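Subject: Structure for your review

Dear colleague,

Please find below the structure that I am handing over to you.

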There are 2 protein chains.
Amino acid sequence: MFDCIAVVGATGAVGTIIRELLEARKFPCKKIKFVASGRSAGKMLPFAGREIAVEELRGPVFDEVDLAISSTPDEVARDFIPDAVRRGCVVIDESGYWRMDPDVPLVIPEVNPQAIGRHRGIIASPNCSTTQMVQALKPLHNAARVRRVVVSTYQAVSGAGLAGTRDLTGGTRAALDGEPYQYECFAHPIALNCIPQIGSPKHQGYTSEEMKMVFETQKILEDDSILICPTCVRVPVGNCHGESILVETERKVTAAEARRLFEATPGLAVLDDLDNNLYPMPINCQRRDETFIGRIREDISCPNGLAFWCVSDNLRKGAATNAVQIAELLVRGRGEGRGK
Amino acid sequence: MFDCIAVVGATGAVGTIIRELLEARKFPCKKIKFVASGRSAGKMLPFAGREIAVEELRGPVFDEVDLAISSTPDEVARDFIPDAVRRGCVVIDESGYWRMDPDVPLVIPEVNPQAIGRHRGIIASPNCSTTQMVQALKPLHNAARVRRVVVSTYQAVSGAGLAGTRDLTGGTRAALDGEPYQYECFAHPIALNCIPQIGSPKHQGYTSEEMKMVFETQKILEDDSILICPTCVRVPVGNCHGESILVETERKVTAAEARRLFEATPGLAVLDDLDNNLYPMPINCQRRDETFIGRIREDISCPNGLAFWCVSDNLRKGAATNAVQIAELLVRGRGEGRGK
């Protein structure tokens with residue numbers, strides 16, 4: 001176990017769930033610190049029946065911290081993490097900043113736990129839209145080698161943080177009442193609308209969010225030959241991302257085989273009975289740690305294609321749960337390393 | 001011109017817009033009748049400064065009608081149309097019932113106006129999700145032959161009629177207030193949710209809505225070799241369907257060529273400047289008759305692939321506008337036939 005751990009960005013949308021999960025899963029540590037920007041310093045947050053004061057994010061905080069789980073904007077992660085590592089802290093980072101660094105393992109514990117051993121102080125957790133897709137791709141890749149993926153996302157506003165949730169709620173009320181609303185974090189109104197842009201223009205007409213799905217998937221599966229064409233769309237849903245995924249594999253995977261593969265994969269749950277209107281939706285995947293798969297069917301446009309629909313709670317497995325699972329992997333690694 | 005035309009289903013979501021368009025476009029006819037179920041009979045509806053009483057849908061209504069534009073449930077279309085045709089009426093049908101009948105042309109005026117000549121009393125207007133996709137496919141097919149399409153839809157509730165709109169509005173208010181709501185027309189709550197099922201299970205795990213996109217596209221483009229893998233998803237948007245489309249063509253179409261082709265195609269409008277956050281969205285395509293294309297980019301997973309995003313007002317070009325345009329084609333055909 002670790003003597004002292006820290007949650008960085010403890011007051012944010014993901015940080016809040018990290019705190020809940022650490023408490024609920026009884027994460028083994030002697031001391032826990034909550035860290036955030038100066039704006040939140042001093043704020044009292046509950047943990048395991050106590051109240052803990054939020055500390056401001058500054059280097060010396062990490063002198064006694066062994067392990068930090070951090071969910072901050074990219075620029076914050078860029079600035080504080082190298083210093084925290086120099087002070088002896090291992091950082092599990094939710095931000096996008098370090099993910100593609102060759103010295104930083106990008107880890108989904110059910111998919112590539114082996115990668116964690118290569119860390120040099122930083123371990124990155126993938127982008128939410130990547131994680132759920134890669135969880136579903138992994139068993140197909142093992143069984144039949146994934147060659148190509150076409151994915152269209154239906155992404156919830158919680159991926160944009162607490163301001164995203166405020167915008168959806170406030171904007172939708174205003175839209176229903178015919179009143180104006182000043183959006184905080186979207187370029188266009190999200191109420192009763194779909195916005196086919198997440199992130200900024202990045203590569204040949206694809207956005208940064210879309211290219212994350214390409215590069216992170218190739219890194220996690222350690223296979224640059226997997227080709228991916230993503231379209232990322234924000235939809236007026238509070239929480240849980242949907243993804244319409246089409247996979248082409250080297251040999252044909254039938255719908256029945258795919259279902260068996262998904263059912264046998266830890267972290268995945270199959271909800272698939274179209275005759276009884278059963279499939280994953282944001283409303284039935286909320287506050288769940290699994291990634292849910294439904295609408296499994298063979299592609300009628302390509303012999304080796306398989307189509308399915310996938311929903312996961314982007315704040316949970318897409319962020320907080322995955323980071324806490326990485327921390328638990330580290331605990332087990334330390335335990336084994338020390339012969340406990 | 002026609003002496004007497006009728007709008008059947010005149011009180012519905014699509015019928016209302018058909019009435020507006022006939023008035024706004026000054027459709028040439030001496031007399032117009034509004035027809036609906038017995039429930040609406042006698043209701044007064046405005047038209048060109050007058051009020052017209054709704055007549056109940058019964059056979060004799062069509063004795064003096066030359067042309068009917070009809071938007072009703074499939075079963076209603078099945079039952080009344082053959083009799084109306086026997087009474088000498090040509091029917092432009094928005095329902096799904098007659099579309100795949102070999103004797104019934106399925107027409108998008110900008111795409112296959114020539115098909116209209118083969119009609120034997122019934123002309124069908126395609127499903128909303130098909131129409132906007134086929135409009136975009138047509139210039140690509142002409143230039144480079146479309147071989148395969150992968151499409152994921154983001155469909156608005158107005159496609160489910162007035163009850164769909166009531167459900168979205170009422171359900172969303174209730175969800176924001178934490179109150180219960182009894183849905184009229186969706187199997188699951190649509191408020192702040194995505195439902196990956198439209199229509200009923202139809203073929204190998206695909207829904208009826210998805211198979212419409214396959215069969216109708218092949219019929220309209222008169223090419224059964226075009227393969228299509230559709231995923232149809234209902235999203236909490238009031239009106240205007242979005243579609244994430246990936247097309248594979250026989251030869252490569254660059255993004256620049258695709259843009260030129262789209263720009264040169266009547267009925268299409270290109271809104272595509274990602275650097276300036278410009279692309280089609282439900283909120284900027286409302287009450288427009290064009291189909292809008294954006295996010296045009298080359299597929300980074302396939303040499304001959306092209307990806308784009310497409311939005312159209314499903315009540316307008318997806319339904320009412322297309323039907324009225326078919327009626328206008330018929331008027332021109334009669335004019336030419338009679339040497340006027």
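**Strands, copies and domains**

In chain B, residue B:A68 lies opposite B:V91, which belongs to β7(B). Please note that this is a predicted model. The two strands concerned are β6 of chain B, residues 67-70, and β7 of chain B, residues 90-93, and they pair in the parallel sense over four bridges. Helix α2 of chain B, residues 74-86, packs on the sheet and touches β6, β7 and β8 of chain B. The direction of helix α2 makes about 155° with that of β7(B).

**The parallel sheet of chain B**

These strands belong to an open sheet of six strands with parallel pairing, in the order β5-β2-β1-β6-β7-β8 (chain B). At its edges stand β5 (55-56) and β8 (122-124) of chain B; each has a single partner strand, so one side of each is left without a neighbour in the sheet.

Elsewhere in this sheet, strand β1 of chain B (residues 2-8) runs parallel to strand β2 of chain B (residues 29-36), and six bridges join the two. Within this pair, B:V7 has B:F34 in β2(B) as its bridge partner. Between the two strands the chain passes through helix α1 of chain B, residues 13-24, and this β-α-β crossover from β1(B) to β2(B) is right-handed. Strand β2(B) also pairs with β5(B), in the parallel sense and over two bridges. Here B:A36 has B:E56 in β5(B) as its bridge partner.

**The mixed sheet of chain B**

Chain B holds another open sheet of six strands, with mixed pairing and the order β12-β9-β13-β16-β15-β14 (chain B). Its edge strands, β12 (227-231) and β14 (268-270) of chain B, each pair on one side only. From one strand to the next, the twist averages 25°.

Strand β13 of chain B, residues 241-249, and strand β16 of chain B, residues 305-312, pair in the antiparallel sense over eight bridges. One of the residues involved is B:L246, whose bridge partner in β16(B) is B:A307.

**How the two chains are related**

Two copies of a chain are related by a rotation about an axis and a shift along it. In this model, a rotation of 180° with 0.0 Å of shift along its axis superposes chain B on chain A, with an RMSD of 0.0 Å. The two copies are thus related as by a two-fold rotation axis.

Which elements of chain B give two or more residues to the side that touches chain A? The contact itself joins 52 residues of chain B with 52 residues of chain A. The elements in question are β9, α4 (162-177), β12, β13, α7 (282-285), β15 and β16 of chain B. On the side of chain B that touches chain A, 29 residues are nonpolar, 16 are polar and seven are charged. Of the interface residues of chain B, 100% are also interface residues in chain A, so the copies meet through the same surface.

**Domains of chain A**

Chain A is divided into domain 1 (2-127 + 319-337) and domain 2 (129-314). Taken over C-alpha atoms, the centres of domain 1 and domain 2 of chain A are separated by 25 Å. Their contact takes 15 residues from domain 1 of chain A and 18 residues from domain 2 of chain A. On the side of domain 1 that touches domain 2, helix α8 of chain A (residues 316-337) provides the largest share, three residues. The residues of that side of domain 1 of chain A divide into seven nonpolar, six polar and two charged.

Yours sincerely

Technical notes: Residues are numbered from 1 along each chain as its sequence is written. Chains are lettered from A and ligands numbered from 1 in the order in which they are written. This is a predicted model: local features need pLDDT of at least 70, side-chain atom pairs count only at pLDDT 80 or more; totals for chains, interfaces and linings use all residues. Two strands pair if DSSP finds at least two bridges between them. Two residues are in contact if their C-beta atoms, placed from the backbone, lie within 7 Å. Axes are lines fitted to C-alpha atoms, for helices over the stretch in contact, and angles run from 0 to 180 degrees between N-to-C directions. Copies are superposed by least squares on the C-alpha atoms of residues with pLDDT of at least 70 in both. Domain bounds come from an automatic or database domain assignment. Ala, Val, Leu, Ile, Met, Phe, Trp, Tyr, Cys and Pro count as nonpolar, Asp, Glu, Lys and Arg as charged, and the others, Gly among them, as polar. A crossover is right-handed if, with the strands pointing away from the viewer, the path from the first strand over the helix to the second runs clockwise.
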